[in-house]
Amino acid sequence: MRRTGTTRRGALTATGALALGAVLTGCGEDDKGTGRPVLTEAEAVRADKALRRAAAHTGALALAHYDLVTEAHPDAAAGLAPLRAAVRQHIGAVAAGRTQPPAAAPGPVSTDRPTALKELAAAERRRADAHAEALLTAEPELARLLASVAAGAAAHAYLLTELAKETPS
């Protein structure tokens, strides 16, 4: 005989359906209810350029940090090469084809390899945080790009932290 009434499975299914409906409804709203000011087209273009310039500068700082660590610890160059190449691609993506001047080196790095890798991981965390903060004011297309780059920087920070743990002093 089948049990009638509300079951756990039914309640969870209904809750999930309600949550999905709320998310989908929120995704379709226009800018009127977001609290964000409506920008003219010229203002939006200027804001987009400024965000892209700032994101590219942040990436260039990280790239310079990679170069310093590689210079100070040549034995780490092979392990850092794929991450450095990804940072270069991130810069190209956010700069939208504009060439960026090289960033000033962020300062000396530690002579201790694990410490240098931890410093580089901290720089990647700062890069991820900067991109995540920029999401708040970016237009949707740029926001998606910045979210991807921020996720990449966070992954780099994790990988560098793990590499630092595995590296002997």
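Biologist: How many helices and strands does the protein have?
Modeller: In this predicted model, the chain follows the pattern α-α-α-α-α along its sequence. The count is five helices and zero strands.

Biologist: What span should helix α3 have, and how far apart are its end C-alpha atoms?
Modeller: Helix α3 covers residues 77-95, which is 19 residues. At 1.5 Å a residue, α3 should therefore span 27 Å. This agrees with the distance between its end C-alpha atoms, 25 Å.

Biologist: Which helices do the buried residues of α3 pack against?
Modeller: Buried here means under 20% relative accessible area. In α3 the buried residues are L80, L83, A86, V87, H90, I91, V94 and A95. Their packing partners are α2 (41-72), α4 (113-134) and α5 (140-166).

Biologist: Which residue just after α3 takes a positive phi?
Modeller: The phi in question is about 55°. The residue is A96.

Biologist: Which residues touch the most other members of the largest nonpolar core?
Modeller: This core has 28 residues, and those touching the most other members are Y66, V69, L80, L146 and L160. At least two core residues come from each of α2, α3, α4 and α5. The largest share, eight residues, is from α2. To repeat the names asked for: Y66, V69, L80, L146 and L160.

Biologist: Which residues does L160 touch, leaving out those up to four places away in sequence?
Modeller: A contact needs heavy atoms within 4.5 Å. With that cut-off, L160 touches Y66, L80, L83, L117, L120, A121 and E124.

Biologist: What percentage of the protein's residues is buried?
Modeller: The protein has 169 residues. The buried part is 31%.

Definitions and conventions
Residues numbered from 1 in each chain as written. Predicted model: local features only at pLDDT ≥ 70, side-chain atom pairs only at ≥ 80, totals over all residues. Heavy atoms only, no water. Helix = DSSP H or I, 4+ residues; strand = E, 2+ residues; numbered from the N terminus. Expected span 1.5 Å × (residues − 1). Buried < 20%, exposed > 50% of the residue type's maximum accessible area, 1.4 Å probe, protein only. Core = buried A, V, L, I, M, F, W, Y, C linked by side-chain atoms within 4.5 Å.
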